[in-house]
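Visitor: I would like to learn how to read a sheet and the core packed around it. Could you take me through one case, starting with a turn between strands?

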Amino acid sequence: MSKAFQPETSSDDDDEPANGLPPLPAGTRNYMTPQGWRSLRAELMQLLDEERPRVVEIVSWAAKNGDRSENGDYLYGKKRLREIDRRIRYLTRRLDIAEVADPSAHHGKDQIFFGATVTYADNEGVEHTITIKGIDESDSLNGEVSWVAPIARALIKAREGDEVQLMTPGGLQVLEVISVHYPAPERA
C-alpha cells in the first residue's frame, strides 16, 4: 500500500507537553507567575494571529498547484499546520487551568513560597541560587526550577537560616537556606 493512502497517526496525547516539559501532577494546580502567563498567552496569540494564517495560505497556494503527493510545500505545510494546531490545543488547555500566583505578594518575607528566589548552600558549602516557577515557565539553564521539582519541594515553607534535607541519587543532602527574595510589586 502506498504511503499516500495510509491514514495519518492521530495522537490523543495532546496533554503531553511540548519541549520535553514534565506533565502536571494529577490533582494539582498549574501555578504560574504573571510573567509566565503573559508569555504563554503571547505565544498562543502569535500562533493564532500570525503563524497559522501564514501556513494556511501557503498550503492553500500549494494545493492549487496540482499533484499533492510530491508537492513539498503542501506536505511540509500540512505537517507544520498539525504541529501548530497541537501546540495551540496544548497552550489553550494549560492557560485554562492556570492559576496565576503573584510572587510579589510575599515581597520582604523570609519564608519560601512559589516565586521565591532562594540562595542555599549544599553539603560542601557551595552556594546555589534558584527561582521557583511554574512547570511551563521554568528554565534550568537560567537557574529556574519548577515548583514540583524535588529541590523546590524540599525548600518550600523553609525560612532563611533553616536546614532542609533533600534525598538525591548521590545520597542525602543537607541544604542551608541563606537568603530568600521576592520581586517587588509592580507599580501601576
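Guide: Let's begin with a hairpin: β6 and β7 form one, with 2 residues between them. Helices (H or I, at least four residues) and strands (E, at least two) are DSSP runs, numbered from the N terminus. This is a predicted model, in which local features need pLDDT of at least 70, side-chain atom pairs count only at pLDDT 80 or more, and totals for chains, interfaces and linings use all residues. Residues are numbered from 1 along each chain as its sequence is written, and side-chain values use heavy atoms, with hydrogens and water left out.

Visitor: In what sense do β6 and β7 pair, and over how many bridges?

Guide: Strands of a sheet pair through backbone hydrogen bonds, either parallel or antiparallel. Two strands count as paired if DSSP finds at least two bridges between them. Here β6 (residues 163-168) and β7 pair in the antiparallel sense over 6 bridges. Along this pair, Gln-165 stands opposite Val-174, and Glu-163 faces Glu-176 as its opposite number in β7.

Visitor: Which strand order does the open sheet have?

Guide: Its 5 strands run in the order β5-β4-β3-β7-β6, with mixed pairing. At the edges are β5 (144-146) and β6, each pairing on one side only. Further in, β3 (residues 117-121) and β7 (residues 171-181) are joined in the antiparallel sense over 5 bridges, with Val-118 opposite Val-180.

Visitor: Which residues have the most contacts inside the largest nonpolar core?

Guide: A nonpolar core is a set of buried Ala, Val, Leu, Ile, Met, Phe, Trp, Tyr and Cys residues joined through side-chain atoms within 4.5 Å. Buried means under 20% relative accessible area, exposed over 50%, and partly exposed in between (1.4 Å probe, protein chains only). The largest core has 24 residues, and those with the most contacts inside it are Ile-112, Val-118, Ile-130, Val-145, Ile-151, Leu-155 and Val-177. β3, β4 (127-133), α3 (150-155), β6 and β7 each supply at least two of its residues, and α3 gives the most, with 4.

Visitor: What is Val-118 in contact with, leaving aside its neighbours within four places in sequence?

Guide: Contact means heavy atoms within 4.5 Å. The partners of Val-118 are then Ile-112, His-128, Thr-129, Ile-130, Leu-155, Val-177 and Ser-179.

Visitor: Where is Lys-157 placed, and is Lys-157 buried or exposed?

Guide: Lys-157 sits in the loop between α3 and β6. Lys-157 counts as exposed because its relative accessibility is 58%. Its phi is positive, about 80°, although Lys-157 is not a glycine.
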